[in-house]
Amino acid sequence: MVKLEEIIRFIDSKFKTSTFDNYKEESGITYNAGRSIKKIGYATNLTPEVIRLGRDQKVDLIMTHHDAWKFIYGLKDECKRLLNENGISHYYNHLPLDDCEFGTNSSLALELGLDEVKKTCDEDGYKCGVIGEYKEEKDIEGFIDLVESKLEEKVQFWKFNNKPIKRVFILCGAGHLTSDMKEAVDEKCDLYLTGEKILYTVEYAKLHQMNLVVGSHTFIELFGVKSMANIVNDEFKDVEVVLLKEQHLEANGYE
């Protein structure tokens with residue numbers, strides 16, 4: 001059996017950014033149940049739903065990209081209560097996981113068959129986006145079908161030109177800022193792919209005639225968490241890893 005502290009030390013060793021002053025603010029243990037780890041469940045978000053999924057699958061540790069958000073008032077207290085009640089530990093890794101070679105953006109680019117060209121979108125020293133290229137051009141309809149098959153949900157898209165897709169800018173999560181989109185324009189990308197949008201996102205894409213595809217914040221970032229969990233599984237062979245499949249809340253609404 002493996003101790004939580006062993007797993008966290010191993011994870012930290014895989015991040016080049018672990019020497020950053022704010023690394024511990026962007027990753028860490030929300031709750032330590034004091035149990036050995038035999039089974040890990042992974043998801044994008046820490047929510048009561050995810051904790052209950054972990055309880056039902058009898059996991060000892062939940063690994064997520066996001067900690068419980070403080071601005072969803074009461075969420076963190078409720079999550080800590082449920083983690084304590086069910087004896088489940090929790091670890092999250094945010095900006096470092098966006099930045100690294102097995103992280104949210106790089107893992108999604110790999111899933112989409114893109115060759116990563118460069119990392120971009122600096123935030124506190126972390127590179128939170130990537131640019132990828134296809135060896136052969138794709139039409140936007142084919143690209144959208146591919147994204148939807150990977151995310152297992154419908155996406156929103158705005159087709160502002162008829163050019164084929166070769167150079168793609170990926171900013172997983174809340175990539176709705178026009179300051180981030182400007183990098184995609186400056187880098188002559190054909191398409192901007194992210195997990196959230198507002199009016200200004202669409203208007204900026206329209207102004208510069210750049211195609212825009214928006215999935216959900218949750219599922220566009222899941223592949224990085226999966227990669228992190230699988231790296232842990234490769235090191236600790238006796239630890240089982242399972243997906244805690246969240247509801248497609250952003251895409252479909254609550255049922």
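In this predicted model, Asp 56 and Arg 55 form a salt bridge, with 3.1 Å between the closest N and O atoms. Asp 56 counts as exposed because its relative accessibility is 51%. Arg 55, with a relative accessible area of 37%, is partly exposed. By the rule used here, the count of salt bridges comes to 16. A general point lies behind such pairs: side chains of opposite charge can pair when their charged atoms come close.

A second salt bridge joins Glu 141 to Lys 159, and here the closest N and O atoms are 3.0 Å apart. This pair links distant parts of the chain, for Glu 141 belongs to helix α7 (residues 140–151), while Lys 159 sits in the loop between β7 (156–158) and β8 (165–171), 18 residues away. Glu 141 has a relative accessible area of 41% and is therefore partly exposed. Lys 159 is partly exposed as well, at 38%.

Arg 167 and Glu 187 form a further salt bridge, whose closest N and O atoms are 3.0 Å apart. Again the pair links distant parts of the chain: Arg 167 lies in strand β8, and Glu 187 lies 20 residues away in the loop between α8 (178–186) and β9 (191–194). Is Arg 167 buried or exposed? Its relative accessible area is 15%, so Arg 167 is buried, since the cut-off for a buried residue is under 20%. Glu 187, by contrast, has a value of 22% and is partly exposed. Both residues also belong to a network of salt bridges that links them with Lys 118 and Glu 133.

The next topic is helix α3. This helix spans residues 48–56, and its buried residues are Pro 48, Val 50, Ile 51 and Gly 54. Seen down the axis of α3, these buried residues fall within an arc of 160 degrees, so they line one face of the helix.

After α3 comes Lys 58, which has a positive phi, near 60 degrees. Lys 58 lies in the loop that runs from α3 to β3 (61–64). With a relative accessibility of 65%, Lys 58 counts as exposed. Most residues other than glycine have a negative phi. Cys 121 also has a positive phi, of about 60 degrees, although it is not a glycine. Cys 121 is found in strand β5 (residues 115–123), and its relative accessible area of 4% means that Cys 121 is buried.

The last topic is a pair of helices. Two packed helices are described by the angle between their axes and the distance between the axes. The axes of α1 (residues 4–13) and α11 (residues 222–235) come within 11 Å and cross at roughly 115 degrees, and the crossing is right-handed. Which residues of α1 and α11 meet? From α1 come Ile 7, Phe 10 and Ile 11, and from α11 come Met 228, Ile 231, Val 232 and Glu 235. Of the residues in this contact, 6 are nonpolar, none is polar and 1 is charged.

Methods:
Residues numbered from 1 in each chain as written. Predicted model: local features only at pLDDT ≥ 70, side-chain atom pairs only at ≥ 80, totals over all residues. Heavy atoms only, no water. Helix = DSSP H or I, 4+ residues; strand = E, 2+ residues; numbered from the N terminus. Buried < 20%, exposed > 50% of the residue type's maximum accessible area, 1.4 Å probe, protein only. Axes fitted to C-alpha atoms, helices over the stretch in contact; angles between N-to-C directions. Left-handed = near helix turned anticlockwise from the far one by under 90°. Contact = heavy atoms within 4.5 Å. Nonpolar A, V, L, I, M, F, W, Y, C, P; charged D, E, K, R; others polar. Salt bridge = Lys/Arg side-chain N within 4 Å of Asp/Glu carboxyl O. Arc of directions from axis to C-beta.
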